Amino acid sequence: MEEQIISLFPDRETQVCQGWVLKKMEGQILVYPLYYRFSEGDIPENIRRCEEISHRCGTGCVFRIVEHTNYYLSSILTDNGYGLEKCGVVCEWDLTGDAGEQLCVEESMPGGLFLKNGNDGTGYVMVGETVIGIKYQRLLFLQDGNLPDIGIEDILRFSAAHGIVRILVDIPGEGLPEQYGRAGFRRAYLYRCYQKKRRRDSQGNRRRGLKMDLQSEKCVMVIDENLPLGIIANTAAILGITIGKQMPEVVGADVYDRTGNGHPGIIEFPVPILKGNTDVIKAIREKLYEPEFSDLTVVDFSDIAQGSKTYDEFIEKMKDVSETELNYYGVAVCGAKKKVNKLTGSMALLR
């Protein structure tokens, strides 16, 4: 079934590494270790290869392991600094026979669901402007079984009316929800996703890892309000791009409009831009070098960077200047909300 699910996303960038399928999904590299049987000694090397590929793509690396397979892999991932990110179940229902015909005849079609045709025979099941499922031939796959606005019965009637005879649903958690069991779905298998544990490097930057906890973490930018408007915009753009590289896990999944066209995912939470000046930003940057704030992710943009025509020029100029001589145009700070607020909590928005 994992092979069938993978095949439903032919438009996503795909690589094969020693029999493991790597697919760029939701802003990260998802590794499906399906085909090749490794000796225990080969597994760490292939993990390293996958990490190198994800690093070149500027994304995190997540291993999706189906239960009762790859017995050694989960423990080896744990030994290499990975932790359990999430688990889920894939459940299945077969619509062949009289049940499907009865659903279609006895009930009216749900008004909120419609099918948008895509490329290569693939269709997208839409609710308003949101894609909730992918149809290929007579198979329907729901990427997230949590459907707050659509009933399972609606999905079944829609499927029967569109010639779908088999449904696969990816559901977060370890058990089959009661409503799916009542509708006749069966639990096909459990999977677990492993990702590098959140750690900090020697410069205090977050390593690629789990998504931010918005209850306890925060990300802000502080930009010199006295700069020309174009430089302010340029500073915000550069800080944003660099934060995206440092924290690829904060970029959300691709989205689809009503016509079925894809749009790359953007950051999943707001990033306030606060107004500062040369002295304020300088003081914040100096504070961020203190041990108390060493676990925050920090990106700065200075006059040296803005005045360099090439990156090589920037590198050479930075070699000849001390930190105290830098004039900062802006700084981005992400991490523990209490610490971010301690530095910037009293600052007003840049408008």
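Predicted model: local features only at pLDDT ≥ 70, side-chain atom pairs only at ≥ 80, totals over all residues.
The largest pocket has a volume of about 1,100 Å³. Its lining is made up of 36 residues, and those closest to the pocket centre are E26, V131, Q143, D144 and A253. Several strands contribute to this lining: β3 (28-32), β4 (60-66), β5 (82-94), β8 (130-136), β10 (166-172), β11 (186-196) and β13 (255-256) each supply at least two residues. Sorted by class, the lining of the largest pocket holds 20 nonpolar, 12 charged and 4 polar residues.

Helix α8 spans residues 278-287, and its buried residues are I281, K282, I284 and R285. These residues lie on the same side of α8, because the arc they cover around the axis is only 165°. The elements against which the buried residues of α8 pack are the strands β12 (217-224), β16 (297-302) and β17 (328-336), together with the helix α11 (337-344). At the N-terminal end, α8 is capped by N277, with a side-chain oxygen of N277 placed 3.1 Å from the backbone nitrogen of D279.

The serine is S159, located in helix α5 (residues 152-161). S159 has a relative accessible area of 0% and therefore counts as buried. Leaving aside residues up to four places away in sequence, S159 touches L95, L140, I164 and I167. The side chain of S159 also reaches the backbone oxygen of I155, at 2.8 Å. L139 is 20 residues from S159 along the chain, and the C-alpha atoms of the two are separated by 9.0 Å.

Key
Residues numbered from 1 in each chain as written. Heavy atoms only, no water. 1 Å grid on protein atoms, 1.4 Å probe; cavity = no way out; pocket = protein on both sides within 12 Å on 5 of 7 lines; lining within 4 Å. Points joined across faces, edges and corners; volume = space filled by probe spheres on them. Helix = DSSP H or I, 4+ residues; strand = E, 2+ residues; numbered from the N terminus. Nonpolar A, V, L, I, M, F, W, Y, C, P; charged D, E, K, R; others polar. Buried < 20%, exposed > 50% of the residue type's maximum accessible area, 1.4 Å probe, protein only. Arc of directions from axis to C-beta. Contact = heavy atoms within 4.5 Å. Polar contact = N/O pair within 3.5 Å; in protein donor to acceptor, adjacent residues only side chain to side chain.
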